[in-house]
Amino acid sequence: MLSFKQDEPRQYDSVAQQYSLEVLESNKESIEAYFQYFDVDSLNGKKLLDLGCGDGQDLFKFAGLGASIYGIDESREMVALARTKNPNGVVEVAKFDTIPFADSSFDLVVSKWALQTADAIEPIYQEVERVLRPG
């Protein structure tokens, strides 16, 4: 039998649409608080990667602040939703410890509610460091 963490992408696949609606509705204050840390001046023209981008709602907001948006998520259904919301973004099915982008590709890597699902954080940090541009 698979553990929750190993089976998690499949669990999100089966409830992606409903989860997307419920998270947006029930976490409005948290989402607003998160986005207080970002503005057009800090994101305009920046290349941003969202780990665990889910349905792409955050990517949509980041694009509205001028960022070039990229996302990864392990759930195929969440990625499908994210691609629909962000036709000009790049969203891939991938694990956080094997990010499918080249070295030094991004100005900023974010993750709001996803890293707590990781079994081991160190390999993820190594990948994030790899894909971030120096400085």
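These legends walk through several close-up views of one predicted protein model.

Residues are numbered from 1 along each chain as its sequence is written, and side-chain values use heavy atoms, with hydrogens and water left out. Because the model is predicted, local features need pLDDT of at least 70 and side-chain atom pairs count only at pLDDT 80 or more, while totals for chains, interfaces and linings use all residues.

**View 1. The whole chain, before zooming in.**
The protein has 6 helices and 4 strands, where helices (H or I, at least four residues) and strands (E, at least two) are DSSP runs numbered from the N terminus. Along the sequence they come in the pattern α-α-α-β-α-β-α-β-β-α. Of the 135 residues, 39% are buried; buried means under 20% relative accessible area, exposed over 50%, and partly exposed in between (1.4 Å probe, protein chains only). The accessible surface comes to about 8,000 Å², and 50% of that belongs to carbon and sulfur atoms (Shrake-Rupley method, 1.4 Å probe; for residues, only the protein chains shown count as cover). Take the contacts (heavy atoms within 4.5 Å) between residues at least 6 apart in sequence: 61% of them join residues at least 24 apart.

Look at β2 and β3 and you'll find 4 bridges in the parallel sense; Y70, for one, has V90 in β3 as its bridge partner.

**View 2. F62 and the largest nonpolar core.**
A nonpolar core is a set of buried Ala, Val, Leu, Ile, Met, Phe, Trp, Tyr and Cys residues joined through side-chain atoms within 4.5 Å. The largest one has 16 residues, and F35, F38, L43, L48 and F62 have the most contacts inside it. The elements giving two or more residues to this core are α2 (28-35), α4 (57-64) and α5 (76-85), and α2 supplies the largest share, 3 residues. Not counting residues up to four places away in sequence, F62 touches Y34, F35, F38, L43, L48, A67, I69 and V110. Apart from this core lies another, of 15 residues, including L49, A94, A114 and V128.

V110 sits in strand β4 and is buried, at 8% relative accessible area. Beyond four places in sequence, V110 touches Y34, F38, L48, L49, D50, L51 and F62. The C-alpha atoms of V110 and C53 are separated by 9.1 Å, though these residues are 57 apart along the chain. A67 is in the loop between α4 and β2 (68-73), and is buried too, at 9%. Leaving aside neighbours within four places, A67 is in contact with L43, K46, L48 and F62.

**View 3. The loop between β3 and β4.**
F106 and K46 are 60 residues apart along the chain, with their C-alpha atoms separated by 7.7 Å. S104 lies in this loop as well, but is partly exposed, at 33%. Most residues other than glycine have a negative phi. S104 is not a glycine, yet has a positive phi of about 55°.

**View 4. The buried side of α6.**
In helix α6 (residues 122-131), I124, E127, V128 and V131 are buried. They cover an arc of only 100° around the axis, which puts them on the same side of α6 (the arc is that of the directions from the helix axis to the C-beta atoms). An α-helix has 3.6 residues a turn, so residues three or four places apart point the same way. The buried residues of α6 pack against β1 (47-51) and β4.

Notes:
Two strands pair if DSSP finds at least two bridges between them.
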